[in-house]
Amino acid sequence: MFLSKILKRNLLLIILAVVSCSSGKSPALKADGYVISSEEDAASERWAEYLFRHLKKRAKDPSTVVLVKGTQQGPENFKKIHIEVAADLKHSYCIKHDEKRLHIRTKDEATALWMAYQVIESISSEDSKISTPDLPPPVIAFNSSCFTFDFSYRGPHYSPNLEEDMAPVYGNDMVETAWGLWGHQLSKIAAKLSSKNVYAMVNNQRNSNQLCFSSSELYNGVRNFIIDEYGKGETNSHRFMLMPNDNTLVCTCPLCLQAGNTNKDATPAVAEFMRKLADEFPRHQFFMTAYLTTHTAPEYELSENSGVFFSTIELKKGVALNMDQKETKKFIEDLRQWRIATPNLYIWDYGANFDDYLTPSPLLYGLQKQLIFFKENQIRGIFLNGSGYDYMPFDDIKTYVSGALMMNTDADIDALTRNFFKKKYPVSGTLLANYYLGLEAEYDSKNKPYNLYGGMRENLKTYFNPETFTEFYTQLQFIIPKTSGEERVKLEKLFTALTYPRMQIAYTQGHRQWGYATLNGKKLIPKPEVRTWLAALKNYENYENLNSYKETEGNLAEYIGEWKELLAGDSYENQLLEGAVSVLSEKDEGFEKTQLLNDGTPGFTQDYHQGWYLNSSKNFRVAFSTETLKQGGKIRMRFLRNERHRILPPKKITVIADGNIVRTFTKNDFTVSENTAMVEMALPLLQFKNIELHFDQDPDTKSIIACDEIQVLN
């Protein structure tokens with residue numbers, strides 16, 4: 001197998017992934033039929049009837065599933081399944097199981113719903129008379145045991161978990177159903193209110209970019225929203241996030257200053273705003289965030305129905321956390337301060353490369369290590385911020401296993417992964433499991449944090465093996481015609497998405513192995529297969545949630561357009577190809593090597609990760625020798641323009657030949673388009689030995705220069 005070189009773990013095929021604290025072999029679930037009964041209370045009866053309906057509709061013979069009430073017994077040779085919802089249960093669920101009877105107790109109704117599908121799927125794995133192609137494999141064994149979930153709130157934010165009918169089946173929470181207010185939705189309520197007093201006072205002026213949490217108008221608006229949309233919580237309790245807008249502005253109006261605000265700390269006013277709502281709606285739950293201007297804990301104990309969300313953006317990702325890491329040490333110190341105010345500590349964690357959704361990325365081994373750490377530090381809830389509604393390769397396995405890990409941090413990742421792929425991908429499951437688990441093992445062996453905002457070059461430096469991937473990509477293409485039905489539909493979508501990283505490998509490799517071009521003298525000639533890849537990637541149009549390769553400004557249509565423009569010229573010339581270009585000034589992290597400046601591949605204008613050499617020093621200096629040039633009378637340079645990321649062309653370019661200034665260019669000499677600025681200069685290069693290019697930025701602007709090529713032409 002092509003993965004044998006990198007697999008460091010034994011990948012065991014286990015029939016049932018056990019995440020409960022039970023041990024030993026479970027009694028058989030398979031029987032001639034099934035009798036469903038319950039305790040005589042409304043909640044227990046409701047979920048017994050639910051289990052009965054859904055088990056019966058999956059049975060080949062519906063008469064083999066029976067619902068009984070009271071003292072009714074049902075057929076003697078049928079397995080008895082008894083349901084009980086017990087709010088006073090000390091555990092999340094308890095199971096008592098022998099050959100004739102399975103008694104299930106759950107603490108709440110959400111767990112009862114999840115447990116119903118665990119029962120159905122577990123029966124179907126033993127009894128072919130029950131069909132469950134739509135369900136994921138179970139994550140517990142029905143041994144006699146009790147178990148308490150490691151986290152009470154479990155929210156993997158991937159597209160499979162955002163299907164309203166599926167999240168409860170996984171046993172996960174989802175933002176649309178679990179929260180009345182989420183993220184920055186508070187500002188949407190404020191926008192509908194007529195008063196300007198809902199906005200912050202900053203430098204003695206109202207500023208609509210931030211909210212005033214001392215505003216009575218804002219409080220009444222939120223109060224009325226809760227009552228109108230969710231009631232007072234008598235029927236269903238909801239969570240509400242009370243979060244300032246995502247910036248460092250703080251309201252310093254007289255009321256906010258009286259509450260204790262400073263121009264950098266909004267915690268006092270936000271905490272007081274939350275206290276008032278929590279007191280008025282004791283059956284709902286309210287959360288603020290420990291982030292930016294609300295990082296500091298309040299100086300008093302919060303209400304029982306209040307809590308805080310911690311962002312883990314500063315923590316290392318994908319590796320074990322420990323107190324030797326300064327970021328982790330600071331995180332734990334902050335947790336201690338907040339724990340004085342509330343025990344309801346939730347984590348806003350991150351589970352994606354937000355600048356590259358489509359390149360397969362390992363998550364699970366590293367997540368398990370960090371969840372164990374969070375559990376040890378009394379964290380109660382996890383929101384795992386992934387690709388959201390956007391498609392990501394392997395987001396189904398990440399949803400399934402990460403949810404199981406949030407239930408039990410000791411869950412067997414390899415077993416769960418293999419069981420899932422075997423069930424959901426009967427023909428290709430082994431191929432998929434081997435590749436994905438190999439990816440996890442390869443990354444785990446390096447013990448390096450991964451980048452939350454990185455392109456293909458960062459991926460190749462940290463975990464991504466192009467040889468392994470290209471072989472997997474080819475094998476996937478060959479196996480798809482052998483599949484059918486839902487499996488084939490999913491694989492075709494996966495293959496379409498994986499064409500993006502295949503093209504990214506080709507783009508970064510240029511004329512080297514796996515690259516998009518061949519080298520002919522000083523020209524790069526694109527390979528014919530590039531157009532085949534483009535045609536495959538264009539199939540993204542067939543899928544609603546596969547149109548972006550990253551969180552923002554990652555439109556696949558524009559990406560394909562960049563490739564078409566690159567191919568339109570048939571070849572790309574640069575007399576500096578294979579020559580030496582050196583950077584004399586300080587280099588930015590990740591740009592220690594300078595080959596981007598003369599690799600013969602133009603940058604893609606919609607993304608600074610695509611082919612651009614970045615430098616943030618005020619005096620960017622580049623040099624090259626002309627001794628290897630056989631011809632060259634012109635220098636062409638192109639710079640990226642992206643004000644959102646402070647990427648701007650240089651203010652001035654000075655050309656120094658053999659120690660003498662021979663040209664000076666200012667911004668007026670640039671040819672400017674929407675995203676780029678280009679300068680071209682005639683220069684008899686063969687008359688000189690050494691050329692230096694000095695790029696000066698505006699001293700008043702903290703900007704970055706992005707140059708794709710120092711291109712020398714005839």
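Colleague: Why is E176 called partly exposed?

Modeller: E176 has a relative accessible area of 40%, and since buried means under 20%, exposed over 50% and partly exposed in between (1.4 Å probe, protein chains only), E176 is therefore classed as partly exposed. This is a predicted model, in which local features need pLDDT of at least 70 and side-chain atom pairs count only at pLDDT 80 or more, while totals for chains, interfaces and linings use all residues. Residues are numbered from 1 along each chain as its sequence is written, and side-chain values use heavy atoms, with hydrogens and water left out.

Colleague: Which residues is E176 in contact with, leaving aside its neighbours within four places in sequence, and what makes the link between E176 and Y389 a polar contact?

Modeller: With those neighbours set aside, E176 is in contact (heavy atoms within 4.5 Å) with L162 and Y389. The side chains of E176 and Y389 are joined at 2.7 Å, and a polar contact is a pair of N or O atoms within 3.5 Å, where within protein one must be able to donate a hydrogen and the other to accept it, and residues adjacent in sequence count only if both atoms are side-chain atoms.

Colleague: How do you know that strand β4 pairs with β6?

Modeller: Two strands pair if DSSP finds at least two bridges between them, strands being DSSP runs of E with at least two residues and helices runs of H or I with at least four, numbered from the N terminus. Strand β4 (residues 93–97) is joined to β6 by 3 bridges, and the two run antiparallel; in β6, F147 is the bridge partner of Y93.

Colleague: What makes β2 and β6 the edges of their sheet?

Modeller: The open sheet has 6 strands in the order β2-β1-β3-β5-β4-β6, with mixed pairing. Both β2 (65–67) and β6 (145–147) have a single partner strand, so one side of each is left without a neighbour in the sheet.

Colleague: Why is strand β27 described as largely enclosed?

Modeller: In β27 (residues 690–696), 5 of the 7 residues are buried, so the strand is largely enclosed by the rest of the structure. Strand β21 (residues 619–625) is joined to β27 by 7 bridges and runs antiparallel to it, with A623 opposite E692. Strand β23 (residues 652–657) is likewise antiparallel to β27, through 6 bridges, and I653 stands opposite F695.
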